[in-house]
Amino acid sequence: MRHYETDSRHAATRLLALTALADGGLDRNEIEALMDADLARRLGIGSTEFERILREYCEDLMVSAHYLDGMRLKVADEVLDLLLEDIADPALRRALLRTMQDIVSADGVETTAEVEVLARALEKWGARVASSSLN
């Protein structure tokens with residue numbers, strides 16, 4: 001998995017791409033939720049930037065199959081933890097959690113895999129972030 005600078009828009013975008021792909025596919029509503037998010041505007045994430053980071057993330061998954069949990073398109077928990085560690089700023093974490101939740105809810109179906117990504121972020125980043133971000 002390639003490394004992006006801590007708290008960079010690339011690191012944040014990769015987590016959004018991971019969230020959008022958590023259920024195994026991309027849904028137009030999820031992409032629209034991401035593009036409509038205040039976080040996307042604030043970080044300057046446009047559709048071209050998102051598509052590039054999404055492609056890089058998929059390439060990383062293909063090259064590094066040992067990062068996958070079985071045959072599902074799911075990174076292993078320890079890899080997800082490393083990706084979550086790339087975000088240290090509490091305000092960015094809160095904004096990411098909101099946007100990740102918007103992505104998960106966008107298609108009207110919250111899958112187990114999507115909920116697992118959100119739960120892991122909450123666990124890794126701490127309940128303190130969760131209580132202020134999901135209100």
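# Reading helices, burial and salt bridges in a predicted model

Q: Apart from neighbours within four places in sequence, which residues is E49 in contact with?

A: Contact means that heavy atoms lie within 4.5 Å. Leaving aside neighbours within four places in sequence, E49 is in contact with R9 and H10. This is a predicted model, in which local features need pLDDT of at least 70 and side-chain atom pairs count only at pLDDT 80 or more, while totals for chains, interfaces and linings use all residues. Residues are numbered from 1 along each chain as its sequence is written, and side-chain values use heavy atoms, with hydrogens and water left out.

Q: How many helices and strands are there in the protein?

A: Helices (H or I, at least four residues) and strands (E, at least two) are DSSP runs, numbered from the N terminus. The protein has 8 helices and 0 strands. From the N terminus on, its elements therefore read α-α-α-α-α-α-α-α. E49 belongs to helix 4.

Q: Is E49 buried or exposed?

A: Buried means under 20% relative accessible area, exposed means over 50%, and partly exposed lies in between (1.4 Å probe, protein chains only). E49 counts as buried because its relative accessibility is 13%. E123, found in helix 7 (residues 112-125), counts as exposed, at 59% relative accessibility. Of the 135 residues of the protein, 44% count as buried.

Q: How many salt bridges does a search of the whole structure find?

A: A salt bridge is a side-chain nitrogen of Lys or Arg within 4 Å of a carboxyl oxygen of Asp or Glu. The search finds 9 salt bridges in the whole structure. One of them joins D60 and R2, whose closest N and O atoms are 3.0 Å apart. This pair links distant parts of the chain: D60 is in helix 4 (residues 47-63) and R2 is in the segment before helix 1 (9-21), 58 residues apart. D60 counts as buried because its relative accessibility is 8%, whereas R2, at 32%, counts as partly exposed. Leaving aside neighbours within four places in sequence, D60 is in contact with M1 and R2.

Q: Which parts does the salt bridge between K124 and E85 tie together?

A: The closest N and O atoms of K124 and E85 are 2.9 Å apart. K124 lies in helix 7 and E85 in helix 5, so the pair ties together parts that are 39 residues apart in sequence. K124 is partly exposed, with a relative accessible area of 33%, and E85 is also partly exposed, at 42%. Elsewhere, salt bridges that share partners join R9, E49, R52 and E56 into one network.

Q: Which residues of helix 5 are buried, and what covers them?

A: An α-helix has 3.6 residues a turn, so residues three or four places apart point the same way. In helix 5, V79, L80, D81, L83 and L84 are buried. Their cover includes helix 1 and helix 7. D81 and E123 are 42 residues apart in sequence, with their C-alpha atoms 9.6 Å apart in space.

Q: Which residues touch the most other members of the largest nonpolar core?

A: A nonpolar core is a set of buried Ala, Val, Leu, Ile, Met, Phe, Trp, Tyr and Cys residues joined through side-chain atoms within 4.5 Å. The largest has 38 residues, of which L15, L16, I87, L96 and W125 touch the most other members. Helix 1, helix 3 (38-43), helix 4, helix 5, helix 6 and helix 7 each supply at least two residues of this core. Helix 1 gives the most, with 8 residues. Beyond its neighbours within four places in sequence, L15 is in contact with L80, L83, L84, I87, L96 and W125.
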